[in-house]
Amino acid sequence: MVKLIAHRGNYNGKNISLENHPDYIKLAIENGYDAECDVLVKDNKIFLGHDDSLHSIGIDFFNNFSNKLWIHCKNFESLIYFKKLKNLNYFWQKDDIHSLTSKGFIWSHSKCTKFDKNIACMIDKKVAKSLYKSEVIYGLCMDDFSFLNI
């Protein structure tokens, strides 16, 4: 079965005011999704947020949901910080189409490569629907899964 990953906690449509909020990410997980979250580390403190340090968060958050989180390191300091932690799945992706996660998955942004450990992120919904049914990839990361009618 293809894993569904809520992009920044979004799974039923984009909600800019809630995305990357710890409670929103927990809600996605409680509803059966994995969650991608954007992380910045500044002065050894962890924050959730895409471009800004919006929500201060402790390492326990990541440890508690380690098997459900896809940690998108948004600055170099966060990449170095998470590299020290062996049990978490993190990655760096900025302008690259493909990136490798710490657990060996290929994170593909706006493109899909049909590969058993590939995560297709933010691709066309029609393509995503066909991939979901065919199970030729490991996961889909989207803001909205309502188009799958599951």
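**Figure 1. The buried pair Asp-38 and Arg-8 in a predicted model.** Asp-38 and Arg-8 are both buried, a term that denotes under 20% relative accessible area, with exposed meaning over 50% and partly exposed the range in between (1.4 Å probe, protein chains only). The two residues form a salt bridge in which the closest N and O atoms are 2.9 Å apart; a salt bridge is defined as a side-chain nitrogen of Lys or Arg within 4 Å of a carboxyl oxygen of Asp or Glu. Distant parts of the chain are linked by this pair, since Asp-38 belongs to strand S2 and Arg-8 to the loop between S1 and H1, 30 residues apart. Helices (H or I, at least four residues) and strands (E, at least two) are DSSP runs numbered from the N terminus. The model is predicted, with local features requiring pLDDT of at least 70 and side-chain atom pairs counted only at pLDDT 80 or more, whereas totals for chains, interfaces and linings use all residues. Residues are numbered from 1 along each chain as its sequence is written, and side-chain values use heavy atoms, with hydrogens and water left out.

Figure 2. In the whole structure, five salt bridges are found. The side chains of Lys-68 and Asp-34 form one with an N to O distance of 3.4 Å. Lys-68 is located in the loop between H2 and S5 and Asp-34 in strand S2, so the pair ties together parts 34 residues apart in sequence. Asp-34 is buried at 2% relative accessible area, whereas Lys-68 is partly exposed at 23%. A further salt bridge joins Asp-144 to Lys-125, with the closest N and O atoms 3.8 Å apart. Here Asp-144 lies in the segment after strand S10 (139-142) and Lys-125 in helix H4 (residues 125-134), so that distant parts of the chain, 19 residues apart, are linked. Asp-144 is buried, with a relative accessible area of 16%, and Lys-125 is partly exposed at 42% relative accessibility. Side chains of opposite charge can pair when their charged atoms come close.

Figure 3. The buried residues in H1 are Pro-22, Tyr-24, Ile-25, Ala-28 and Ile-29. These residues lie on the same side of H1 because they cover an arc of only 165° around the axis, the arc being that of the directions from the helix axis to the C-beta atoms. They pack against strand S1 (3-7), S2, S3, strand S4 (55-57), H2 and S5. Pro-22 is part of helix H1 (residues 22-30) and has a relative accessible area of 12%. With residues up to four places away in sequence not counted, Pro-22 touches Leu-48, His-55, Ile-57 and Phe-61, where contact means heavy atoms within 4.5 Å. Leu-48, in strand S3, is buried with a relative accessible area of 0%. After H1 comes Gly-32, with a positive phi near 95°.

**Figure 4. The largest nonpolar core and Leu-69.** This core has 19 residues, and Val-39, Phe-62, Leu-69, Ile-71 and Phe-82 have the most contacts inside it. A nonpolar core is a set of buried Ala, Val, Leu, Ile, Met, Phe, Trp, Tyr and Cys residues joined through side-chain atoms within 4.5 Å. At least two residues of the core come from each of H1, S2, S3, H2, S5 and H3, and S2 provides the largest share, four residues. A second, separate core of 17 residues includes Ala-6, Ala-28, Tyr-33 and Met-142. Leu-69 touches Ile-25, Ile-29, Ala-35, Cys-37, Phe-61, Phe-62 and Asn-89, excluding residues up to four places away in sequence.

Figure 5. In helix H3 (residues 76-83), Ser-78, Tyr-81 and Phe-82 are the buried residues. They cover an arc of only 90° around the axis, which places them on the same side of H3. Their cover includes strand S2 (34-42), strand S3 (45-48), helix H2 (59-64), strand S5 (69-73) and strand S6 (90-92). On the face turned away from this buried side, H3 carries the exposed residues Phe-76 and Lys-83.
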